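Colleague: Could you take me on a close look at one part of this model, starting with a few words on the chain as a whole? I would like the cut-offs spelled out as you go.

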Amino acid sequence: PPPSTYCGQPMRKFPLNCPQCQGKLIMKGLYNHLRVVMGTTEFFLMAADYYQCSNKRHYTAIAYSEDVVSQLPLHIRSELEVLLTYRYSCSKEVMDLMRSRSRGNSTNAIRNTLVRMHQQQHSRKVLVYLQQVKLYKTSAAFLLKPQVCEPPPASIPPFPGASWLMAAHVRDVYARLPYLKAAITSVTGDVLKMDSTRKIVKKLAGQFRDTAQWATNVGNENGEILITVVTATETLEMLQPMADGLMDRYEGLPPPVALYVDRGCCGDSVGRLFNRWPDLTVRLDVWHWMRRLARGISHDTHPLYRTFMAGLSKCVFLVVEEDFATLTEAKRAELRKSGVEDVETLSVERSITKAEVQRHCRRIYCLPQLYACRHWP
């Protein structure tokens, strides 16, 4: 038989009230139904107490129901490592696997992995069971007793599909929604970047199509998004609630030092938008500066537009020397591991791809005093 767990012992230490009349919930013993819970390697059974209201005798609640669990402290809720639905149930370890999904690790791949792990555990248990049966038959034959043994289960129980795993993941995310909101709305930064785009809004479909024109994002120096709003027009009246919410987030914290924008850096519109930060430095984002310079020279359909922008990017940005030196040593060790010895530094640098530089090296603005001493290709 599968292993079992008991849900209800920690709950006896806390008073529970009826959600309908606030009367006291009285424990009436074990519930007569066991839930089959899917784990990472095997299924197990879960038993629980059930409670009855002292005022309304017809109201009953099981120990793992939401009416009971919501009244418990957080450290007691964390002990309930099971996610329950109407038909199936699974452990929180399975939900941890769903949280780590990626493009190459889809829901179907996770389900196939779970099925394979269940089958392997089932095979190991069948081998142990058959060995115990063999020992029992040997002892029974020696004691002249009838040899009656049940055959092992032929396969694992019915396994839920990938769609159910995704639905359970949605329920898990919804249960952690307050924590996720707190984590998202607590992100700050010293250097902010505000930009507006139309590309995201064009993807709206259904009844919300053509209801907005702009999506404005504010990020920090680490590439994290602080806030995003969708508006009909890019005006101060539309963006003021976003700015007020962002300034409220910084209450009790030091305000940001600088704000990079795509437009309005020379006027006072951004200053009026963030009026609680009088010392905020507003600057034009370097990418939009490059676009303005390129637009004054040529159009983006010009055949040499990409070449010109690549050369302009090399003039504006500078790779951090410490990061590039570390990447060079790592590339040299990789070449030695592949059998290439005594590689010159120039050859190692030429073997470093652009994607590797973007992934492992930081880039900074080239300071004016560094322009004179730079080696220009």
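Modeller: Happy to! Accessible areas here come from the Shrake-Rupley method with a 1.4 Å probe, and for residues only the protein chains shown count as cover. On that basis the accessible surface of the chain comes to about 25,300 Å², and 57% of it belongs to carbon and sulfur atoms. What you see is a predicted model, in which local features need pLDDT of at least 70 and side-chain atom pairs count only at pLDDT 80 or more, while totals for chains, interfaces and linings use all residues. Residues are numbered from 1 along each chain as its sequence is written, and side-chain values use heavy atoms, with hydrogens and water left out.

As for confidence, pLDDT (the predictor's confidence in each residue, from 0 to 100) averages 81 over the chain, and 89% of the residues score at least 70. Confidence is highest in strand β11 (residues 258–261), at a mean of 91, and lowest in helix α14 (residues 368–371), at 57.

The chain holds 14 helices and 14 strands; these are DSSP runs, numbered from the N terminus, with helices being H or I of at least four residues and strands E of at least two. Of the 377 residues, 32% are buried, where buried means under 20% relative accessible area, exposed over 50%, and partly exposed in between (1.4 Å probe, protein chains only). Contact means heavy atoms within 4.5 Å. Among contacts between residues at least 6 apart in sequence, 60% join residues at least 24 apart.

Now for the part I would pick: the open sheet that includes β11. Its 5 strands follow the order β10-β9-β8-β11-β12, with mixed pairing; two strands pair if DSSP finds at least two bridges between them. At the edges are β10 (225–231) and β12 (281–284), each with a single partner strand, so one side of each has no neighbour in the sheet. From one strand to the next, the twist averages 20 degrees. For angles, axes are lines fitted to C-alpha atoms, for helices over the stretch in contact, and values run from 0 to 180 degrees between N-to-C directions.

Strand β9 (residues 214–219) runs antiparallel to β10, and 6 bridges join the two. Among them, N217 has T228 of β10 as its bridge partner, and G219 has I225. The hairpin of β9 and β10 has 5 residues between the strands, and G223 takes a positive phi near 80 degrees there. Helix α7 (residues 236–249) lies across β8 (191–197), β9 and β10, and runs at about 160 degrees to β10.

With neighbours within four places in sequence left aside, H288 is in contact with K193, D195 and D262. H288 counts as buried because its relative accessible area is 15%.

For comparison, turn to strand β4 (residues 43–53). Of its 11 residues, 9 are buried, so β4 is largely enclosed by the rest of the structure. Strand β2 (residues 25–30) pairs with β4 in the antiparallel sense over 4 bridges, with M27 opposite Y51. Strand β3 (residues 35–38) is likewise antiparallel to β4 over 4 bridges, and there V37 stands opposite F44. A hairpin of 4 residues joins β3 to β4. Strand β5 (residues 60–62) also runs antiparallel to β4, joined by 3 bridges, and Q52 stands opposite T60.

Last, a helix pair. Two packed helices are described by the angle between their axes and the distance between the axes. For helix α5 (residues 162–175) and helix α6 (residues 177–184), the axes come within 4 Å and cross at roughly 60 degrees. V173, Y174 and A175 of α5 meet L177, P178 and L180 of α6. That makes 6 nonpolar residues in the contact, with no polar and no charged ones; Ala, Val, Leu, Ile, Met, Phe, Trp, Tyr, Cys and Pro count as nonpolar, Asp, Glu, Lys and Arg as charged, and the others, Gly among them, as polar.
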